[in-house]
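This briefing sets out selected features of one structure, grouped by topic. Please read it alongside the sequence and the coordinates displayed below.

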Amino acid sequence: MKIESISSLANILSNPIEYLKGVGPQKGDLLKKELNIYTFGDLLEHYPYRHIDRTRINLVSEISPQSDLPAGEAGFIQVAGVLVDLELIGQRSGRRLVGTLKDKSGFLELTWFQGIPWVQKLLEVGQSYLVYGRVSFYNGKPQIVHPEIEVLSAEQKPGKNFLEPVYPSTEKLKARGLGGRQIAKLTQVLMSLLREKDIPEILPEDILGPLKLIDRYRAFRQIHFPQFMSEYEEAVKRLKFEELFIAQLRMNLLRSNRHRFSKGVVFDKVGDLFNTFYKEHLPFTLTNAQKRVIKEIRSDTARGRQMNRLLQGDVGSGKTIVAVLIMLLALDNGFQACLMAPTEILARQHFQTISTLLEKMDVPVKLLTGSTKAAARKKIIKELEKGSLKILIGTHAVIEDVVQFNNLGIVIIDEQHRFGVAQRARLWQKSAIPPHVLVMTATPIPRTLAMTAYGDLDYSVIDEMPPGRKPIITVHRYEAHRSKVMDFLRDEIAKGRQVYIIFPLIEESAKLDYENLMKGYENVKAYFPEPKYWISMVHGRQPAAQKELNMKRFVEQDTQIMVSTTVIEVGVDIPNASVMVIESAEKFGLSQLHQLRGRVGRGTEKSYCILLTGSKLGNDARERIRTIVSTNNGFEIAEKDLELRGPGDIEGTRQSGVLNFKLASIVQDRPMLQLARNLVGQLLKNDPDLVSAENLQLKNFLNQQKGTVLWSKIS
Ligand code: ADP
Ligand code: MG
């Protein structure tokens, strides 16, 4: 357990945390489990969330429910006093430990629900303590639940001027004597061991200098133990920049290495199929955005490296036709193509659309899904292997191991930017040279975020709608106006339109949501009785066949109303359905509302989206509804979504990992992100392999990072 003996072997920062003085095996295990702190380095990067100014001690008399407490953060106070009472109150689950702290102005209650035995052992009536925490009021009396508490020692008596860091901790850790302040002590021990050589600079001087960023060693010191707040801010600025810079650099390296080293099949000629279709069978003129995207993809697939591209385009922007043209391009170059959709319904719809588009051309297209019969499946697999089947459309069934292609050139994945690395890897195995991959998504992601989260992919965007689209009229109505809304639906149905009524089913298995859906269905039925009206219902608990049947009846206009959960969210295209009612709209996220709305407005009729909500709305919900009502632009909505929720929750980015910044925020630090991106671009332009002396530390650093595979073959 001696640090000295280990530090000489390797970088001290990789030492296991239990070797730090004051930690040991037990606390070490807890730190690992609770805070993911495994090494000295992890502790170094466990940043304080605030600093306490020890000169600020509050009086109990200053606390009132209305008072703006002077402690800085709302509701947090620091009080010094004597513990005059400590009592165990209540039974079983209501059991709590209540202490009373007295200062010269009054009494403050301290309450513990957890870790009671430990607290009892620690505290002593009659002793002076320094207490810190958020004040709440219970029966009109101020109290702090689970305060940070420590003996008020002589040298800590008020008056000493320093900023003490407070660290994030957990209830479990607090109960074992590892609260925020104890972690501060460990950090102090760690800091006393670290020398400048242990934290060498990694960023080149010509980046640090102009930006006036402090060096790395100082930054780590100052983020933990600043003398003044300005020192803390300098440190945060430096480390934030580093986070953004490194993340961006890693992404760019992955991408540029793929560009340089990956082999890809070559689509270098535009042949008969593409040309004939383009000249004779294209049902409309392409938008400029569609043309641009096709060009981007063509040049990317022509140069002998593997394409890995994200194609983003709002609902209805016309991604399908792009997919068709690119598949024909593959065929023209002698390859097979495959289009994969997330659901059976969507796969089937694509199959129909694409078969119809290619009707007059001699191109074999087939559909493969989970419900394809064994005999048909066998035949498809055989034809694929032979190479006589050129285009395969399907669900995940197409990536099963039994499905082998003769020479697969491209895989297009629709509406599923979450298609993970592991799944992509399965595709590679389908041919010696990995096929190109095009992932299409309508989930709007702000550009900055896309570039960061998917920086390893190339990126195309259709930012223009086909002409003549009528905007969808979106309104917000309260539950109280339900019957008026239903009257409106009746009128629209009388005109021959169809309507969607969507219920939230956040988790498909949630019993309560399910019951609500059923109640909702009965309710709709009461307004729209058979035999004048017919209703389809689709939800996640139905067997696939039943779902299909209900969907089919709606598509064929057998039913006028579709009651559904969000299972119809993606891709479904029914032009005659022109009204969408979203029940409990306040429960949906912005991007989900936008996706849902995209199901209407696909035909020539005027379309409507009606957001029904209860009368009481929280601020965020109100803002979401306001946003959806005020704009149809998916990118504007995405920006708002990012602003309201932060990047961690944006659909599809959660597992990307790149966004788990400790300090930086993609929303607030956007200018810095942009700057980092530009500088990374410059750096790699001058030194793509990071071989120059000034970039050596940077390269070493990247190579040491967990989970970074940079210099080996990637794809
Ligand atoms: P999404 O991007 O949501 O997948 P689709 O490819 O389903 O959009 O296209 C939506 C609708 O717009 C389809 O009915 C399609 O035929 C039509 N469309 C696509 N591109 C154009 C265009 N350039 N001009 C006119 N209509 C178009
Ligand atoms: Mg689509």
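How many nonpolar, polar and charged residues make up the shell around ligand 1? That shell holds seven polar residues, five charged ones and four nonpolar ones. The model discussed here is predicted.

**Ligand site**

- Ligand 1 has 16 residues around it, of which T285, G316, K319, T320 and R469 come nearest.
- K319, one of those nearest residues, has an N or O atom of its side chain 2.8 Å from an oxygen atom of ligand 1.
- Ligand 1 takes up the space of the second largest pocket.

**Salt bridges**

- The model has a count of 31 salt bridges.
- One of them joins the side chains of K32 and E18, with an N to O distance of 3.2 Å.
- This pair ties together parts that are 14 residues apart in sequence, because K32 belongs to helix α2 (residues 24-35) whereas E18 sits in the loop between α1 (3-7) and α2.

**Backbone features**

- The peptide bond from E530 to P531 is cis, and its omega is near 0°.
- P531 is placed in the loop between α18 (511-527) and β18 (535-538).
- N36, a residue other than glycine, has a positive phi, near 60°.
- The position of N36 is in the loop that runs between α2 and α3 (40-44).

Methods: Residues are numbered from 1 along each chain as its sequence is written. Chains are lettered from A and ligands numbered from 1 in the order in which they are written. This is a predicted model: local features need pLDDT of at least 70, side-chain atom pairs count only at pLDDT 80 or more; totals for chains, interfaces and linings use all residues. Side-chain values use heavy atoms; hydrogens and water are left out. A residue is near a molecule or strand if one of its heavy atoms lies within 4 Å of it. A polar contact is a pair of N or O atoms within 3.5 Å; within protein, one must be able to donate a hydrogen and the other to accept it, and residues adjacent in sequence count only if both atoms are side-chain atoms. On a 1 Å grid over the protein atoms alone, a cavity is a set of points where a 1.4 Å probe fits but cannot get out, and a pocket is an open set with protein on both sides within 12 Å along at least five of seven lines; lining residues have an atom within 4 Å of a point. A molecule sits in a cavity or pocket if more than half of its atoms lie within 2 Å of its grid points. Ala, Val, Leu, Ile, Met, Phe, Trp, Tyr, Cys and Pro count as nonpolar, Asp, Glu, Lys and Arg as charged, and the others, Gly among them, as polar. A salt bridge is a side-chain nitrogen of Lys or Arg within 4 Å of a carboxyl oxygen of Asp or Glu. Helices (H or I, at least four residues) and strands (E, at least two) are DSSP runs, numbered from the N terminus.
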